[in-house]
Each structure stands twice: as structure tokens, then as C-alpha cells.
Amino acid sequence: MDFTYTEQTLPRAVAWLFESNGYSVTEDVSVQDVVFPLLAKQMAGLVEQKVFIEVTIDHVNMVKHEGLIAKLVLARRQVLGSQQVLVSSGGFTDEARDHARMEGILVYTFQELFRQFERTDPYIEHVLGDGDFAESLRDLDEVYEEPDFDDDRGVHRATEWLTHWVGDETEPSRWVVVVGEYGTGKTALTRVLQRRWMSDYREGRLTRLPFRVELRDFSRQFDARGLLHHFLDRNELAHLNISFVESMIANGRVMLILDGYDEMAQFLNVRERRACLEALTELSGDGVRGILTSRPNYFTEAEELQVFEVLYRNLDTRSQIGAAALDKEVLEQEQQVDRMLEQFVIQRAERQLRDLSPEQTIHLVKKRLGDDPAGEKAVTGILSRVFRPESTREYSLGGKPVIVSYLLDVVEELKRDEASGSGGKLTEWQIYELIINKLMLRDWARVKNLPPSDRLEFLRHLAVRLSSESRRSIREAAFRELIEERFPGHLAKQRATGTADAADALFDDLRSSSTLTRSREPGEYAWQFSHNSLREYLALTFLVSEHQSGRSLPRQIQLTDAMLTFSRSMPKDVLEGSLAQLAMGWPNRSYSKSLDRILTLLWPALLQNAPATEDKRDILARIVGPGLDISKSRLSQVDFSADARPSDLHRLSASETELSGVSFRAARIERSNFSDSIFEACNLSQAVADGASFKRALIMDCDITGLRCAEADFTALDRDSTAVVKTSRGAQIITGEHLIGHLRAQGAVTDDVNPYYVFATNSDFEVIEKICKVLADGAQHQRRGVQQRGAAERNVPLARKFLEYLFGCDYLIVKGGRSEMISATSSGRQACHRLAVEKKVDDTLGRFLEENLGRPRRSAN
């Protein structure tokens, strides 16, 4: 980046640079009556290091600036052991540099001084050197097939577009969110960019140092410093001062590459995700550039609810003694977070990463197998059979880089399988089953300690262990513990025959399974699945198998988008067996606590296989019976909407139910029972909920745009509830009395609420409120201005009618005999002040509002 300094800002910038790296800095220090702008001190062992610093914004030459060098020479002679530095933002002539060096004085431009403190060579070597990590990046780059962005912005080669974007300092979008389905190569893209941009940085073609952070490492809420510490510790940069790194980011010295937002977000609730988004916005200084990758469902411009993940409570309505000031401060902090998040959205671009085209896929296979015609034929034969059914269309899965890479891994096995090129189409479920079976057979050929079925069962348990613990890798101690847990008979038999190292042999065998790869954790090695989709598929098949066997499932396992996608392509015999077991056990779900997880898991498959004309009520009834009783269950990401097919769920029994990410969009849920239930990030927009019961419910960050709820019971609604209503003016966040007022205005039965909040739901209420605010000051106003300008412009007839009403009830008078000048009477001024400032509506104004904006509906009392 380019920096411009003045005589005042340059000394402060230099002082900050030393202070952020552990020095204490004193200004205007005298040595024998000679004043130096800065003296930096730092303990080096038992000795205090002193650095005398002279600064100038001029271009330093020997004619004009010999005196500066002479001053620093004086300090070197008078303060033994001290160091002298001359910093110029304007640069130096060669003669001045040579002379200063001869005198033992260090000379730097500010940029050069900054690079002295960066000390990033170990990280650069980590990425571009000869180590294992650098070698893995180099191997990836050599075979990388360039994917495309294909979206509303056009079709562009992804790496070329991003490289142009990061090098164009005039580009207004400071963030790019790269979205793509599982397996489209988002992680590979960021790894290739990290290597290429690091090379550009080292060669001086790029001024920003790429920091690539894997957000999937965070299964718990983090803050900005925690994220940076994590990155520094794992990338040979632990020696850097964290404050200095933060300043590098804020000053545009860093390119942030944040990979896997969705893989982090899936383990967090919406409030925790808000805290993480806040941490990301804290890193977004004026000069920052960043890339964020995610699956579409977790971060997209089309989902306003993802921008306003969780919204501040209406703290200013509380009345506890001593809490008002604190609540106000908290409210202001939360509003500031919202503004940061809005700014983050405004200053970002979104690009859609697509699967490889058939031509790109063939090119990738040829690149990898050009000297193996038989292998090339086997792989392309499989790829031609891979598809995904979606509605009535078929989408090729052969272009998913992750699937291509798996097939390349098992090419020898495919070549030996003469039938690999025959047969019909393959779905996601079947292609992963094929690949994993090939990998199991490879391991069996390598070492015959374990039958393939035993190895597969162990890997399934490992996948569930990692998914349940929200971890991506397992360390040696835990790995060995799982082996002891899963193979007690095998180990006991081996030990009985005198094999003392049976556990070690099994550990050595299992950790080298073809599905696993070694990773480096702080202080030791760990093992993880070579791709998340392998772990997700194995965890899914474990859950289905355990369910069909009648065993309870771990409730803490997170069902991911990829698992639900795999479920959608579940073979019909597997689906029918699972469905029968679920329907049989559902009435006793209070004893089998995991059946609701199976309902979530099977739902996409049921929708996929049901006739398009079948109502979702009929589909649900197959599982839970004609009474539609899902009470006391926990459902996540279930689509009950009427978007794809009719959804008549009237009289749904869902009391004491936890619903997370469930969509009831446009569904008919009249007279349903949701009492004592929890709704988290659910979509109730356009739903018909007339006469339904939401008594004592908690609504957290749900979309209720267009919700029809006449006579619906929302009494005792949890006061921490928050909701979003979308209008032409954007997403409106409502909570507390605002939310209750909104529901009352829609015809719901609620607790008593200040009528102000009921009337405020009408978009025309702003006209009345703004007029009251003007009249509350007691001054004279021009009548035409009050009823035709400002907010009144939105509905001039209403504004005119309101003024006439105020005249009629003696709240408004003509002033000084001039009909164009008006003023509020004493009683009118009080009424207007209460409405505009105190948010209270007196009976007189209430009558007008009822007649013109709608009557507040009844409360439970």
C-alpha cells in the first residue's frame, strides 16, 4: 500500500511501530542539549537496548541532511551500546545511504522499517520451502484444474478473477465470499491462492501477505485475537506480537483467506455465529482485503437473516434500578456490531464456484493419467455414470473435484474391475459407496490384519466420534482409546497368544487407512479424513445402520448439508427399511431420544422419492401417524415449506418442540399447537397460522414476514424473542414490545402491550409520528410544510387528515390569524410529546390511529 505522512504523523507511526513490538518509546530526548524525536527502549536479556531515532519526510541527500546523520553519530558516541536509526518517508540518495552505513547508522524508509519488524520469513518458507506442507501445496498446484465462477457477474476463471481483484487497490469490494456446494474445490482454491500469492509477495508483485485460516478448526465461538493466535501458532509466526499483526491487517499489509465458514457455523447456534461474525468484522480495518469460503446455505447475499444473525434486545424498555445506563451501553455496543456487519455486507462481492465442466474434468484426468490409458478409461467411464437427481432433471456429479480425486486415488482398483464401465447411473450415495469399498479392499491387500468390514465399522465410529465432538482430527491417545473400545475381543485374543504389541500393531494399521491423512496438531500428530465428505458419508451410514438395528444414536452429532444431500440419494431399500423402523418407534420417541434426528435425516429422501403431487402432510403422516404429533422432539433443517409441493399441516401437534432452521414458508399450520416450543432461525414467512398456539414459545431470529396469525395465541411469549420482517425498505428487526405489537396488529392474541407498538407496525405510522415530533416543540410552523414535506410526503392525504383531526379536538390552532401558521395547544403539545418521545398514545390520538391505521387487536385479558 502507499502511505503518505506529514511531519506530525510520521513520528507517531514510527513510535507505534516500535511500541507494538515491545519497546517503550519516549519523545524529545536530549543528549548534550541535542534533541532526538524518539528514543525506544527494550530489555534484551539483562541489558537495556536503546535506539535513538531521527525522522524526516524529506528525500535525504548529503547536501541538505548531513546534519541529521551528525546528530545520530553524536548519540552513538555519547551513549555506548546504543543503536541509531534514520527513518525517511521520502527515501534516500545512494550517497546518503552509504555515508550513514559507514557511520554505523541504520537507514530505512517507513516501509523498509515495517518489513524489519514483520519477520515473516519462517512463514514464507513454510509455504514455499521444502517442508511437507510446502510440498503438498506444490503438488496441488502442479495438477490443479482451474475452476470457474459462474453467477450474475458472469463467467470468469476463479484464480484469475481473484488475483486481479486482490491487486486492484481501487476495487470497492474489500471482501469476496466464495460460495459453492460440497466438493467443488473451495479449499483447494484457497490453498492454490495461498501458494501463488505468497510467491507474488516474495517477488514483490503483491504488497499483501496472504494469511490462510481454516475456520473449520473452530467448533466453538472465537474472537479476533483467538483466530489470529491460532493462525500464528500453526504457521511459524508465533514469535510475532499480536498487536503488531493486528496493525498489519488494519494497515493493508495482509490478505485474509478464511476457508470453511460453513464447517465452523454448522456447530454454532445463531448467537454464537454472530459473535464470530463480529470477530471477522473486527479484522476488517480500512485497508483489509479478505476472502471467505462457505457452502451457500450459510453465507449468501440472498439470505438477509444470515447478515443479521442475532439482534440486540430492546434493552431501553427495561426498568430495573441501576441497570438503565448499563443496558444503554450494551445496546449501543450491539448496534455498533450491526453497523459493522452491514458494512461488511455492503463492501463485499459474492462469487459462485462451479463444478468442473466435462471438458475440464477430462483435462484433469488426462493431466493425472496421461501415461495410463487404461486408468483414464476406467475413471472417465465411472464419471460418465455419476449424476444427481433433482426434480425432473439430472445434474452431473462427475465435475466435482473431490469425486474426481477419489476416483484417481482408486484407479488401480477400477482398472482391475472389468465391470466398472457397465451398468446404469450412479448417485451420490452409490459413488461414495463404490469409492469407500475400493479403499477398504486396497487396505485389505496391503495388510490382512482386519477384514474390510471391521475396518469400515471402525472408520464409521471414528467419523461419528469426530462429528460428535465437533473436531476435524483425532490425536494418538484418543485414537488408541477408540481402538481399545472397538476391538476388545481381537486385542484380548492377540494378547492371550503372547502378542504383547497387539494394540500398537492395530494402531499402526488403522492410522494408515486409505481414507485417513495425517495432520499436525500443536505438539503432536493427529489423523483426519482426507476430505470432510468422506467423514460425513461414513457418519451418515453409521447413523442409518444403527437406526435400522434399533439402537439409539448420539444426539450431539451435527447433521450437515452434505449428509442431507447423501440422504436424498439413499437407495430405496435402505430408505424403506429406515422409514419402517422410524414409524414403528415414533410413538415411543421419549425413550428413543434419537428418532427425531432420523426424521431430520430421512426427510430429504422422503421428499425426493414421493410423487410431486403428494402433500407434505401425507409424507409426514407416514412417519408420525395421522395426528401429526411431533411434540417433545428436536428437528433441524427440515423443509415443511410449500415452495416445492403443497404443505397443509393444520392441527400439527408440536408442543415442547425445539425447531432449528425449520422452514414453514407458505405452509398451512392453522390451529397447530406450538406451545412451550423454541424456534431458532426458522422461516415462518407467508405461513398461515390462524388460531395456532404459540403460548410461552421462544422465537429466536425467525423470519415472520407475511405471517398470518389471526386469533393465534402468543400470550406469555418469551420476552427475549427476536424476529425479522422484510419490507421494501430492508429487513426490520423487532423484539420485545415491538414484536408483540407486530403480532397483535396481525390479529394475534397477546399479552397487554403499549398501543404505540401496535400502531408502529403500519408503515404510515411514521407520518403521524414525525408530525407529532414537529408539533411537540410548541413553536409555530407553516401548515403546508407540516402536511406536505418530510415524512408527510409519503402520504400527504393522511397528513392533511391528521392535522384536521387535531384542529377538531383542540390540539392544534391557527397562530396570529394567519391560516398558514399553526401551533399545538398545551394539551396537544403534551399528547404529541408522549407519542413522539415517550412512545405512548393517549385516547384522543388513539381514536384517530384506530380509524385510519387499524384497530389494535385484543389481548388475552
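Student: How close do the axes of H33 and H35 come, and at what angle do they cross?
Tutor: The axes of H33 (residues 796-808) and H35 (residues 843-853) come within 11 Å and cross at roughly 150°. That makes H33 roughly antiparallel to H35, as angles over 145 degrees count as such. Axes are lines fitted to C-alpha atoms over the stretch in contact, with angles from 0 to 180 degrees between N-to-C directions. Helices are DSSP runs of H or I, at least four residues, numbered from the N terminus.

Student: What should I know about the model itself?
Tutor: It's predicted: local features need pLDDT of at least 70, side-chain atom pairs need 80 or more, and totals for chains, interfaces and linings use all residues. Numbering starts from 1 along each chain as its sequence is written, and side-chain values use heavy atoms, leaving out hydrogens and water.

Student: Which residues in H33 meet H35?
Tutor: Leu-798, Lys-801, Phe-802, Tyr-805 and Leu-806. Their partners in H35 include Arg-847 and Phe-848, with contact meaning heavy atoms within 4.5 Å. The residues of this contact divide into 7 nonpolar, 2 polar and 2 charged.

Student: And what about H16 and H17?
Tutor: H16 (residues 373-383) and H17 (residues 401-409) have axes that come within 10 Å and cross at roughly 140°. That makes H16 oblique to H17, the class left once under 35 (roughly parallel), 65 to 115 (roughly perpendicular) and over 145 are taken out. Val-379, Ile-382 and Leu-383 of H16 touch Ile-403, Val-404, Leu-407 and Leu-408 of H17. This contact has 7 nonpolar residues, no polar and no charged.

Student: Switching topic, how many aromatic pairs are there?
Tutor: The whole structure has 29, counting Phe, Tyr and Trp rings (six-membered ring for Trp) with centres within 6.5 Å. One cluster is formed by Trp-603, Phe-640, Phe-664, Phe-674, Phe-679, Phe-694 and Phe-714.

Student: What sits over the ring of Trp-161?
Tutor: The charged end of Arg-351, 4.8 Å from the ring centre. The criterion is NZ of Lys or CZ of Arg within 6 Å of the centre and within 35 degrees of the ring normal.

Note on methods: Helix = DSSP H or I, 4+ residues; strand = E, 2+ residues; numbered from the N terminus. Nonpolar A, V, L, I, M, F, W, Y, C, P; charged D, E, K, R; others polar. Phe/Tyr/Trp six-rings, centres within 6.5 Å; stacked < 30°, edge-to-face > 60°.
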